[in-house]
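Biologist: Please show me the structure, and then let us discuss its contacts one by one.

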Amino acid sequence: MTELVTHLNGPGDSNGSPPPVVAPPFSVMIDRVGGEIYRYAWHLTRNQADADDLYQETLIKAFRAYDKLPADANHRAWMYRIASNTFISDKRKQKRDNPLTEMMEQTLTTGTPDHARGLDARDLLHEVEAFVEQLPPKQRVALVMRKYHGHDYALIAETLDCSEVAARANVHEGLRKLRQAFADRLEV
Amino acid sequence: MAMNFHTSDNPGFGTERTMTSNHSSSAAYREPSLLELASRPEVDPCDVACDAMPGYVLGDLGKLESAWVHEHAEHCGYCRAQLEAYQSLDSALDTCAAPVTTACSQAKPPSVAQALGLKEARFGFMESILGPLMIATTDTGVCAIDYLEHGDRDSSLRRLEERGILAQEQQQFVQPVIDQLNEYFARKRTKFFLPLDLHGVTPFTRSVLDVANQIGFGQVVTYGCVAIGIGQAGASRAVGNALGRNPVPIVVPCHRVIKSDGSMGWYTGGSHLKHRLLEIEGVRFSSPSVVNQQALEI
């Protein structure tokens, strides 16, 4: 019976050519990478409501475009890219819609060293956190991918659609800015 | 920073590296190592060390490069303070991330199907006398039965996604379907009592399947007969195509529709399976693949 089935289902099977690469179903792809993309959304947004929104928006965009993606594409990098671009564009939109908030936040994060010395470690952490949130979105994305997810620069470069050198520069520049902003308070 | 050099995980110094990115020049260039840079008379080694510190704390440097930064900082008070500041910053970032890491490991991601406005389904597998079958059910009913000898799991899942259904593997949910199918294959069941979910099936195909569903166990009718049944006499070819899209074969008995000359016609899992199903139902054949004309209810 099995032989018969194989024989009858055979058109194209017997010519010896390798089977074409077939993309996994969307659900299978999400089973593989969805968890880490969700964690990534959390590290970018730092709260559940925004992480859920970012993750859902990423899923919707990915699902709509999935059929057009080449079967052998790097789905993981593609998902990171959609999530990152969605995050970056949301940030830009927020900035456009509410420039005052940004100005206020910047004022908050750039306390003078004299004032800063009086603050305790908890305040410092909050300020570091707030400063990371105010980094240019590409630097923040690159820093989160490298620092919190331990990704290599090849994946970060693919995500940001830039060279590995530029990806590395984004991460390092983010750290340098933090280092400069908290110069006196971080030196032991 | 005045200097702009690149660090590498490659522990070797002075190795030849080629930029491979599309965004860069394709010309090979020799990237100066930290040591090379630091030994240049016009360069201050402290600048090189400080510039490399972000890479140092993030683990981007090769072993030798790391060792050089470490050693330089050991002997230079200014750079040591800089490095300690970067290390404090690095641990501050770890501390900032800790609550997020904990929270997101406990949080449940939104349902993919809900996020996409798709219907959720569960799928499972069974071995049958017709080969392995994949079965999917939603809360409404059976939405897919696929012959896996004919396709594979992924193609079945993709077909479901095209119908707006996203399925997760959960074998226990399909057990009631497996039970009824097993009874049918053992000739202990002539009718299925299973709700169906034809979500994503076009109205025309649905109307054809409705008519096919009325053909009883052991009966066979022609494509033309089903075309009359849907009120479109002469649409036999369209009926055949619609039956070919039957997502729940066996349960919706599209195998009971054959050509007017008694031959099998096309079947989703191969005409031999159609033949086998009709045999199970006791349909008589005048030759190995042609149904006895008397059996045809035209």
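**Salt bridges, interface and aromatic pairs**

Modeller: Asp60(B) and Arg146(A) meet in a salt bridge, with 2.8 Å between the closest N and O atoms; the term denotes a side-chain nitrogen of Lys or Arg within 4 Å of a carboxyl oxygen of Asp or Glu. This is a predicted model, in which local features need pLDDT of at least 70 and side-chain atom pairs count only at pLDDT 80 or more, while totals for chains, interfaces and linings use all residues. Residues are numbered from 1 along each chain as its sequence is written, chains are lettered from A and ligands numbered from 1 in the order in which they are written, and side-chain values use heavy atoms, with hydrogens and water left out.

Biologist: Why does the pair of Asp60(B) and Arg146(A) join two chains?

Modeller: Helices (H or I, at least four residues) and strands (E, at least two) are DSSP runs, numbered from the N terminus. Arg146(A) belongs to helix 8 (residues 137-148) of chain A, whereas Asp60(B) lies in the loop between helix 2 and helix 3 (63-75) of chain B, so the pair joins two chains.

Biologist: Are Asp60(B) and Arg146(A) buried or exposed?

Modeller: The classes rest on relative accessible area: buried is under 20%, exposed over 50%, and partly exposed in between (1.4 Å probe, protein chains only). For Asp60(B) and Arg146(A), the class is in both cases buried.

Biologist: With which residue of chain B does Arg176(A) form a salt bridge?

Modeller: Arg176(A) is buried, at 11% relative accessibility. Within helix 10 (residues 164-181) of chain A, Arg176(A) lies 3 residues, about one turn, from Glu173(A), and these two side chains form a salt bridge at 3.7 Å, N to O. Across to chain B, with the closest N and O atoms 3.3 Å apart, the partner of Arg176(A) is Asp51(B).

Biologist: How many salt bridges are there between chain B and chain A?

Modeller: Over all chains, the structure holds 19 salt bridges. Between chain B and chain A, the count is 5.

Biologist: Which element gives the largest share of the side of chain B that touches chain A?

Modeller: Contact (heavy atoms within 4.5 Å) involves 55 residues of chain B and 49 residues of chain A. The interface also has 14 residue pairs in polar contact, both at pLDDT 80 or more; such a contact is a pair of N or O atoms within 3.5 Å, where within protein one must be able to donate a hydrogen and the other to accept it, and residues adjacent in sequence count only if both atoms are side-chain atoms. Elements giving two or more residues to this side of chain B include helix 2 (45-58), helix 4 (77-106) and strand 6 (165-169). The largest share, 18 residues, comes from helix 4 of chain B.

Biologist: What area is buried between chain B and chain A?

Modeller: Buried area is the accessible area (1.4 Å probe) that two parts lose on being put together, summed over both. Carbon and sulfur atoms give 66% of the area buried between chain B and chain A, which is about 4800 Å².

Biologist: Why is the pair of Tyr147(B) and Tyr267(B) edge-to-face?

Modeller: Rings of Phe, Tyr and Trp (its six-membered ring) pair if their centres lie within 6.5 Å; planes under 30 degrees apart count as stacked, over 60 as edge-to-face and the rest as tilted. By this rule there are 11 aromatic pairs over all chains. The centres of the rings of Tyr147(B) and Tyr267(B) are 5.8 Å apart and their planes are at 65 degrees, so the pair is edge-to-face.

Biologist: How many residues apart are Tyr147(B) and Tyr267(B)?

Modeller: Both tyrosines are buried, Tyr147(B) with a relative accessible area of 6% and Tyr267(B) with 3%. Tyr147(B) is in strand 5 (residues 142-147) of chain B and Tyr267(B) in the loop between strand 8 (257-258) and helix 11 of chain B; the pair links distant parts of the chain, 120 residues apart.

Biologist: How many helices does chain A have?

Modeller: Helix 3 (residues 48-65) of chain A holds both Lys61(A) and Glu57(A), 4 residues apart, and these form a salt bridge with the closest N and O atoms 3.8 Å apart. From the N terminus on, the elements of chain A run α-α-α-α-α-α-α-α-α-α-α. With 0 strands, the number of helices in chain A is 11.
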